[in-house]
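The sequence and the model are shown first.

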Amino acid sequence: MGATGGGVPFLNHSIFTMAYDVVVLGSGPGGYVAAIRASQLGFKTAIIEKESLGGICLNWGCIPTKALLKTAQVVNDIKHAESYGIEATGTPKFDAIIKRSRGVADKMSKGVTFLMKKNKIDVVMGFGKLVSKGKIEVEKDGQKTTVEGKHIIIATGGRSRELPALKQDGKKVIGYREAMSLPTQPKSIIVVGSGAIGVEFGYFYNSIGTKVTIVEFLPKVVPVEDEDISKELEKNFKKQGIDILVNSEVTAVDTSGAGVVATIKTADGETKLEADVLLSAVGVTANIEGIGLETLGVKTDRGRITVDKNYQTSVPGVYAIGDCVPGQALAHVASKEAIICVEAIGYAEKKFNHAPEALDYNNVPGCTYCYPEIASAGYTEKQAKEAGYDIKVGKFPLSASGKASAAGHAEGFIKVIFDAKYGEWLGTHAIGYNVTEIIAQTVTARKLETTHHEVLNSIHPHPTISESVKDAIEVAFGEAIHL
Ligand SMILES: Cc1cc2nc3c(=O)[nH]c(=O)nc-3n(C[C@H](O)[C@H](O)[C@H](O)COP(=O)(O)OP(=O)(O)OC[C@H]3O[C@@H](n4cnc5c(N)ncnc54)[C@H](O)[C@@H]3O)c2cc1C
C-alpha cells in the first residue's frame, strides 16, 4: 500500500487483496457520507472511486452550477446597479467564469480528500466491479486490485440521460458536463428539458448574454412543481428574455452545419430552430452497467437497483444508495440514504444502538437555484386534493415582504398548504429571492407533525424571507396582518 494524493491513503495498484468491514463503491454525496458514517461507527472502511472524490455533486453538479449561478446573479446585479444607486458596468468573461466554477468544484473535491484522511478511510482509485460475494475488483491503468468487504455499498450515481433523438456528441449536442465547461460562450442554446438542471443552465446562459430557448415536452416548466410555481417561473423567465416552448418535443437534430438545427414538434405543428449548441437536460440514468450486478444476481427495476427501507439489495451484504436507487435524484437524499444504510448495518452488527428510521420520500425538500429560486417540500395543491385532504391554502406575495423589497427582488410568493381538519402542514411551495434558505423549516415542522398553531406562536425574525412563511400561514387561516 502506498500513499499519494496529499498524504491520503490512495492506494497504488498491484495484484493484492485488501479486506474491510465496509467497502463503498463511488464517492458522491451518497458514497463519501456512507464511508464517513461507517468509519465513525468503528468499521474498517474503504471507498472506491474511478474519477474524482465528491462525485457528480461536487465535481459536475450541485456545486459548480451554483458557482455559475452566482456569476449570473452578479451580472444581473450589475445590470440593475442603477436601481441600487450605483453606476456600474461589466462584461462577463466566459473563460474566467468557467475557470472560477471549476476552481470551486476542485476545492470541494479536495475537501472530501481531507475528510477521508481525517476519518482514516482508505481511498482506492479505479473502476470497481463486483466479481463475487464480498469482492470488488478495481482496475486502474491496466492494473487490478481486489478489495474485500463484509458489507458492500453501491453508490455509483448517475449520468446525463440520452434520448434516441438527442445523441450527445459532447460538442454541439451536449450534456451537463459540457454545459459547464464549454471552451467558448455559445451565442445561442436550445435547452431540452425544464427540470432543475435545464432551468438553471437556461437562466445562467441567458444572464450572460446567450440567446436561450427552453423546450419542454410536458405542458408546464419545472413539471414536478406546484402549478402556481410553474406559471410564475414561466412568466419571470419570459420577462428575462428566455423563449419557452411547452408541449413540445425535439424529434431530430441536424449537426451537419455550423451549429445545430432542431426539429421541434409543437402543439401548433412542426418547426425548426437553429442554435450554436443544444443541451439535453432530460434527466439522469443510473450507473448500473458493468459493475457486476448480474454476476451476483442483484435485482434492478426500470434502470435502478431494487432496495428495501435500509437500502439492502436482493443480495445480502450488498446495499445501494443515491442516484442508482429509486427516489429523488438529489444530493441530500443520497446522503440521508447513506446514513440510514450504514446505521442499519451498524445496528445489525451491534455498533449502533437503535434501528434507523426509514426516509419519508414525501418530506424531501427540492430546490432550484435560478432566479427566481424555487423551493418546495410536501404535497403540491393538486397532490393534496388527490390524496383526499380538505385543504387550506395561503399565498403571500413577496411584493409585500420588506426584506424582498429592500433587496430589490419583490417577485414571487410563498404558498403553504394545510389540512383544514387537523391543521397538519401538508406542503410549502416558494418562488423568489433566497427561498431555498426557508424550506428546511417546513421539513422540520412536518417531521414534528406541527400544526399552524405552533408555527404562528413561534416568532419569526423581521425582516426576513422566512417571516413570509408565517405570513402565508396567516393568510391560509384568515389571520393575515400584512396583506
Ligand atoms: C448539473 C447538476 C446540478 C445538480 N444540482 C443539484 C443541487 O443543487 N442539489 C441537489 O441536491 N442535487 C443536485 N444534483 C443532483 C446530485 O448531483 C446527485 O443527486 C448526487 O450527486 C447523487 O449522489 P450519488 O452519491 O448517488 O452519486 P454521484 O454524485 O453521481 O457519485 C457517484 C460516484 O461514483 C463513481 N463511480 C461510478 N461507477 C463507479 C465504478 N464502477 N467504480 C468506481 N467509481 C464509480 C462516479 O465516478 C462518481 O464519482 C445536480 C446534478 C447535476 C447533474
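A disulfide is counted here when two cysteine sulfur atoms lie within 2.5 Å of each other. The structure shown is a predicted model.

**Cysteines**

How many disulfides does a search of the whole structure find? The search of the whole structure gives 0 disulfides. Cys341 is in no disulfide, and its nearest cysteine sulfur, that of Cys324, is 10 Å away. For Cys370, the closest cysteine sulfur belongs to Cys367 at 11 Å, which is too far for a bond because a disulfide needs the two sulfur atoms within 2.5 Å.

Are these two residues buried or exposed? Cys341 counts as buried because its relative accessibility is 0%, where the cut-off for buried is under 20%. Cys370 is also buried, with a relative accessible area of 2%.

| Cys341 | Cys324 | 10 Å | 0% |

An open sheet is built from 5 strands, with antiparallel pairing. The strands run in the order β20-β21-β24-β23-β22. Which strands form the edges? The edge strands are β20, residues 366-368, and β22, residues 391-397, and each pairs on one side only. From one strand to the next, the twist averages 10°.

Note on methods. Residues are numbered from 1 along each chain as its sequence is written. This is a predicted model: local features need pLDDT of at least 70, side-chain atom pairs count only at pLDDT 80 or more; totals for chains, interfaces and linings use all residues. Side-chain values use heavy atoms; hydrogens and water are left out. Two strands pair if DSSP finds at least two bridges between them. Helices (H or I, at least four residues) and strands (E, at least two) are DSSP runs, numbered from the N terminus. Axes are lines fitted to C-alpha atoms, for helices over the stretch in contact, and angles run from 0 to 180 degrees between N-to-C directions. Buried means under 20% relative accessible area, exposed over 50%, partly exposed in between (1.4 Å probe, protein chains only).
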